[in-house]
Amino acid sequence: MVFGSLSLSAQDLNTFFKKADSFFKTHVANGKVAYSKINDDQTALDELLKIAETISVSKTDAKNYQAFWINAYNISVIKGIIDNYPTKSPLDNTGFFDKTTYSLAGKKITLNDIEHKLLRAQFNDARFHFVLVCGAVGCPPLISKAYLPNTLNAQMDTQTKIALNGAFLKVNTKKKRVQASQIMEWYKGDFKTKGKSEIDFINTYRTEKIPNNFKLSYFPYNWSLNKQ
């Protein structure tokens, strides 16, 4: 009986990853989401959330756990937008991140709970900030595939590199200045670990390194909807 339930759990998780992959491939392009198309036909979204409701994951199985909750977060953001559609920004909807709950993996949970309690508090990994997508243009781009346990580390690395070599940073060599996304201001502690500076973190993933004597500041977050 125990073996049966374990294999059923794994089967459900595999089904979730497969359907999430198909959903993102169909509805996401160049980091933008086809909210209008999803709103017209919510079948795939509802089916995905129905599967996610009964999934069982444990943080001891870190890759499955992290991949599930990253995808569940990104899908729930889309669900939150669709439930308030049409909308210009996630912030136009009261309690979008901290009050609205979703039924996921046997829990009633908010987006903030997923990000801060289930992921950031359990694993010391600043790369979460580059894969959890909050439905706004200022977020890192949403990929058009699911995060999968066997490719998760590489996917997280790739998305962090894309952000830090792209729109997350504005570098002014002449003025010896670098401006970063406000995400790096809000979660400063996540990017400063083991005596390293934020610029040290940036340089881990950047092709063109930022000199340590550059002054770091932050540019305002764009909360407009990341729609196609």
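**Close-up views of the predicted model**

**Figure 1. F130 is a buried residue, with a relative accessible area of 0%.** The model shown here and in the following views is predicted. F201 is buried as well, at a relative accessible area of 14%, which is under the 20% limit for a buried residue. In total, the structure holds 16 aromatic pairs. One of them joins F68 and W69, whose ring centres are 4.9 Å apart and whose planes meet at 75°, so this pair is edge-to-face. The pair of F130 and F201, in contrast, is stacked, with 6.3 Å from centre to centre and 10° between the planes. F130 belongs to the loop between helix 5 (111-120) and helix 6 (152-164), whereas F201 belongs to helix 9 (residues 198-205); the pair therefore ties together parts that are 71 residues apart in sequence.

**Figure 2. F68 and W69 in the largest nonpolar core.** This core comprises 74 residues, and F68, W69 and I78 are the members that touch the most others. Helix 4 (residues 62-83) makes the greatest contribution to the core, namely 12 residues. F68 has a relative accessible area of 0% and is thus buried; W69, at 1% relative accessibility, also counts as buried. In soluble globular proteins, nonpolar side chains tend to be buried together. When residues up to four places away in sequence are not counted, F68 touches L13, F16, F17, A52, I55, V57 and A105.

Figure 3. S89 is classed as buried because its relative accessible area is 7%, under the 20% limit. A polar atom of the S89 side chain lies 3.1 Å from the backbone nitrogen of L91. Apart from neighbours within four places in sequence, S89 is in contact with W223 and L225. W223 is also part of an aromatic cluster, which it forms with F96, F97, W186 and Y221.

**Figure 4. The disulfide between C134 and C139.** A search of the whole structure finds one disulfide. A disulfide is a covalent bond between the sulfur atoms of two cysteines. In the link of C134 and C139, the distance from S to S is 2.2 Å. The angle about the S-S bond is -80°, and the link is left-handed. C134 counts as buried at 7% relative accessibility, and C139 is likewise buried, with a relative accessible area of 7%.

**Figure 5. The charged end of K170 over the ring of F219.** The charged end of K170 sits 4.2 Å from the centre of the F219 ring.

**Figure 6. D46 of helix 3 (residues 43-54) and K79.** D46 is found in helix 3. D46 and K79 are separated by 33 residues in sequence and by 8.5 Å in space, from C-alpha to C-alpha.

Definitions and conventions
Residues numbered from 1 in each chain as written. Predicted model: local features only at pLDDT ≥ 70, side-chain atom pairs only at ≥ 80, totals over all residues. Heavy atoms only, no water. Core = buried A, V, L, I, M, F, W, Y, C linked by side-chain atoms within 4.5 Å. Buried < 20%, exposed > 50% of the residue type's maximum accessible area, 1.4 Å probe, protein only. Helix = DSSP H or I, 4+ residues; strand = E, 2+ residues; numbered from the N terminus. Contact = heavy atoms within 4.5 Å. Polar contact = N/O pair within 3.5 Å; in protein donor to acceptor, adjacent residues only side chain to side chain. Phe/Tyr/Trp six-rings, centres within 6.5 Å; stacked < 30°, edge-to-face > 60°. Lys NZ or Arg CZ within 6 Å of the ring centre and 35° of its normal. Disulfide = S-S within 2.5 Å.
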